[in-house]
Amino acid sequence: MRASQEDFDSAVDRMKLLEDPDSDTKLKLYALYKQATEGPCNVPRPEVLDIIRKAKWGAWNALGSLPKEAARQNYVDFVSSLTPSLESSSQAGPGAGRSLPESEHVVMTSEDSITTIMLNRPAKKNAITIQMYQDIILALKAAGKDNSAITVFTGSGDYYSSGNDLTNFVSFASGDLEKISEESANTLRNVVDTFIDFPKPLVAAVNGPAVGISVTLLGLFDTVYASDRATLHTPFTSLGQTPEGCSSYTFPKIMGPAKAAEMLIFGKKITAREACAQGLVTEVFPDRTFQREVWTRLREYAKNSPNAMRIGKQLLRSSEKEKLHAVNAEECRVGRERWLSEECAAAVQSFLSRKARL
Ligand SMILES: CCCC/C=C\CC(=O)SCCNC(=O)CCNC(=O)[C@H](O)C(C)(C)COP(=O)(O)OP(=O)(O)OC[C@H]1O[C@@H](n2cnc3c(N)ncnc32)[C@H](O)[C@@H]1OP(=O)(O)O
């Protein structure tokens with residue numbers, strides 16, 4: 001069960017009882033309140049000298065296109081975490097009794113027969129942490145079983161995703177290499193397997209630039225809509241890494257081996273329009289109208305018979321499944337070896353010490 005309007009109103013009342021919250025807390029509460037009640041930030045950035053209004057604007061704006069429903073839930077959870085002693089004993093704590101997985105950085109909402117899974121870490125360009133991979137698996141499993149007709153995957157803020165969070169590799173340097181690399185390979189294999197097995201139409205709404213695994217996974221989606229501001233970049237070899245997400249199989253199949261090699265081996269960054277000409281992206285929309293056009297279209301599609309769409313997808317995809325699982329297993333085996341290489345360690349170190357940006 002998601003937070004109701006009543007839960008939200010009660011959280012607003014309880015928030016007033018907080019004794020002198022610090023300024024970060026106030027800003028977070030302000031931003032979530034505005035997002036929950038008015039939606040994404042829709043006012044111009046204040047003048048440079050107006051420091052307080054600029055900070056408030058920045059906090060609200062950083063929530064990107066987080067849906068109102070998710071902001072309401074985050075507000076209620078945040079107030080609950082600040083006021084545990086004020087919770088009535090009969091009231092369930094945050095997360096209790098919810099049928100959807102809750103996660104700070106992977107937000108799941110359902111409306112008009114469409115379930116949306118949104119990467120929600122805009123300040124880090126939606127880089128994917130190990131926890132987020134786990135949350136994506138949970139979200140996809142829940143979406144596969146809920147009563148929605150279509151599932152949409154998208155990002156919050158200006159990026160779709162900057163791919164794997166490179167700090168995931170920091171633990172490689174500090175712990176038991178064999179064990180950590182094995183766990184990471186298992187996580188990667190599980191998340192990709194979950195995309196391969198997803199039973200309903202899966203649509204990517206690529207709202208901005210996409211990097212690494214967020215690009216390679218596109219080959220496993222049924223439809224990919226992109227903003228004309230989006231670019232697609234798989235810089236694996238400059239990171240000492242190799243392709244994943246089944247792209248070593250899906251990309252040559254979709255765009256031909258030569259174009260696939262330019263992206264996956266040489267790390268060529270392409271625009272959404274180029275990706276569309278090569279078949280990886282289904283259609284490109286002007287950034288200005290992207291959200292409106294995509295959601296209008298998806299709401300129409302979601303009126304089709306859900307079972308017929310699901311069965312249609314099985315017919316299109318089932319003959320490939322076994323092959324895709326085998327490709328995924330092999331990519332993870334090779335990838336694990338690469339993560340332990342000097343090349344990969346040096347590239348990650350270079351990013352973390354801020355010498356390198358794409
Ligand atoms: C389980 C293992 C699975 C392995 C699978 C997949 C492999 C891949 O996905 S490889 C691709 C990895 N991604 C990258 O190499 C991208 C790295 N990021 C960048 O080059 C730039 O940040 C980017 C071009 C995306 C954006 O540049 P800017 O517009 O200049 O923004 P900033 O660089 O200032 O970024 C803002 C903020 O976000 C942090 N960030 C961005 N991307 C990542 C990332 N992938 N990992 C970790 N952190 C990331 C960046 O460090 C900034 O943080 P602050 O400095 O704290 O503000």
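Tutor: Start with the crossing of α5 and α7, which is left-handed. Left-handed means that the near helix is turned anticlockwise from the far one by less than a right angle; clockwise would be right-handed. The model is predicted: local features need pLDDT of at least 70, side-chain atom pairs count only at pLDDT 80 or more, and totals for chains, interfaces and linings use all residues. Residues are numbered from 1 along each chain as its sequence is written.

Helix α5 spans residues 130-145 and helix α7 spans residues 177-196. Helices are DSSP runs of H or I with at least four residues, strands are runs of E with at least two, and both are numbered from the N terminus. The two helices pack at an angle of about 25°, with their axes 9 Å apart. Axes are lines fitted to C-alpha atoms, for helices over the stretch in contact, and angles run from 0 to 180 degrees between N-to-C directions. α5 and α7 are therefore roughly parallel to each other (angles under 35 degrees).

Now the residues. From α5, I130, Y133, I136, I137, L140 and K141 meet T187, N190, V191 and T194 of α7. Contact requires C-beta atoms, placed from the backbone, within 7 Å. This contact has six nonpolar residues, three polar and one charged. Ala, Val, Leu, Ile, Met, Phe, Trp, Tyr, Cys and Pro count as nonpolar, Asp, Glu, Lys and Arg as charged, and the others, Gly among them, as polar.

Helix α7 also gives the most to the shell around the ligand: three residues. That shell divides into nine nonpolar, nine polar and five charged residues.

Technical notes. Parallel < 35°, antiparallel > 145°, perpendicular 65-115°, else oblique. Contact = placed C-beta atoms within 7 Å.
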